[in-house]
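Thanks for coming. Please have a look at the model.

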Amino acid sequence: KIKKKKKLKVWQPLLVSSSSLNFIYSIMSSKRKYAVVCASNMNRSMEAHHLLKKKGVNVKSFGTSSQVKLPGPAIDKPNVYEFGTPYKTIYDELKQQDFQLYTHNGVLNMLKRNYSVKLSPERWQLSSFNPDESFNFDVIICYEERVYEAVLEDFQSDDFGPLLDSQRCMKPIPVFLIPTKDNHESALIGATNTYQLVNIIEQYNDDWMNYIDEMANLYTDKQHEAIIYT
């Protein structure tokens with residue numbers, strides 16, 4: 001188990017001219033594989049997954065919560081589902097439950113987007129027990145501090161730790177945090193910010209891991225906000 005909490009690292013911006021940035025606005029096929037992670041794999045990670053997939057980025061999405069939660073008829077009555085429940089199944093159930101409510105709050109449109117991207121929400125912790133899955137990613141991007149910490153703790157847990165001893169698995173994987181509120185408008189902004197970060201990363205060649213600090217600085221200069229990463 002984790003004995004002490006890992007200190008978050010915040011990159012302080014350096015003076016880099018925005019004119020020196022050469023952003024790519026259409027990635028036909030990404031050089032690297034990305035994981036985008038939020039709590040329920042419903043809103044923020046799926047908005048990013050949707051955008052990145054359209055742009056040709058090799059991406060998968062996950063959630064870290066124990067169950068998937070969606071707004072219900074009251075704040076204390078959320079709709080709760082298990083990870084792996086198809087988005088279309090959830091859509092059909094909520095549509096039948098209260099079409100007007102879930103249309104008005106955007107849940108049905110969100111689910112419709114989701115099932116056009118993939119079958120069902122996936123839990124990060126389940127993928128992490130399969131080293132062929134987790135270590136196949138080159139970059140992980142999270143949208144909430146508790147999600148970011150859950151991913152880091154998962155890599156350092158007693159269950160997952162022995163996998164790190166395998167020579168096949170010995171590679172550094174940068175984990176970024178792009179703080180994003182869990183609502184539809186913020187998810188759109190978070191997805192755009194994610195694409196900006198991916199654009200920066202994709203400009204680097206085989207030695208790209210030597211330039212993580214520089215990438216963070218370029219993102220900070222472009223977005224005018226510091227980015228947290230490990």
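The largest pocket has a volume of about 340 Å³. A pocket here is an open set of points on a 1 Å grid over the protein atoms alone, where a 1.4 Å probe fits, with protein on both sides within 12 Å along at least five of seven lines. The volume is the space filled by probe spheres set on the points, which are joined across faces, edges and corners.

The largest pocket is lined by 21 residues, and Ser40, Lys69, Leu70, Pro71 and Asp182 are the closest to its centre. Lining residues have an atom within 4 Å of a point. By class, the lining has seven nonpolar, nine polar and five charged residues. Nonpolar means Ala, Val, Leu, Ile, Met, Phe, Trp, Tyr, Cys and Pro, charged means Asp, Glu, Lys and Arg, and the others, Gly among them, are polar.

Strand S3, 68-74, and helix H3, 107-117, each give at least two residues to this lining. The largest share, three residues, is from S3. Helices (H or I, at least four residues) and strands (E, at least two) are DSSP runs, numbered from the N terminus.

A note on the source: this is a predicted model, in which local features need pLDDT of at least 70 and side-chain atom pairs count only at pLDDT 80 or more, while totals for chains, interfaces and linings use all residues. Residues are numbered from 1 along each chain as its sequence is written, and side-chain values use heavy atoms, with hydrogens and water left out.

Now the helices. How do H1 and H3 pack? Helix H1, residues 44-54, meets H3 at an angle of about 50°, and their axes are 10 Å apart. Axes are lines fitted to C-alpha atoms, for helices over the stretch in contact, and angles run from 0 to 180 degrees between N-to-C directions. H1 and H3 are therefore oblique to each other; under 35 degrees would be roughly parallel, over 145 roughly antiparallel, 65 to 115 roughly perpendicular, and the rest is oblique. In the contact (heavy atoms within 4.5 Å), H1 supplies Met46, Glu47, His49, His50 and Lys53, and H3 supplies Arg113, Asn114, Ser116 and Val117. That contact has two nonpolar, four polar and three charged residues.

H1 also packs against H7: their axes come within 8 Å and cross at roughly 50°. This pair is therefore oblique too. Arg44, Glu47, Ala48, Leu51 and Leu52 of H1 meet residues of H7, including Ala187, Leu188 and Tyr195. Eight nonpolar, two polar and two charged residues make up the contact of H1 with H7.

Last, H7 (residues 184-202) packs with H8 (residues 212-223) at about 135°, with axes 10 Å apart. That makes H7 oblique to H8. Among the contact residues are Leu197 and Ile200 of H7 and Leu218 and Tyr219 of H8. This contact divides into six nonpolar, three polar and one charged.
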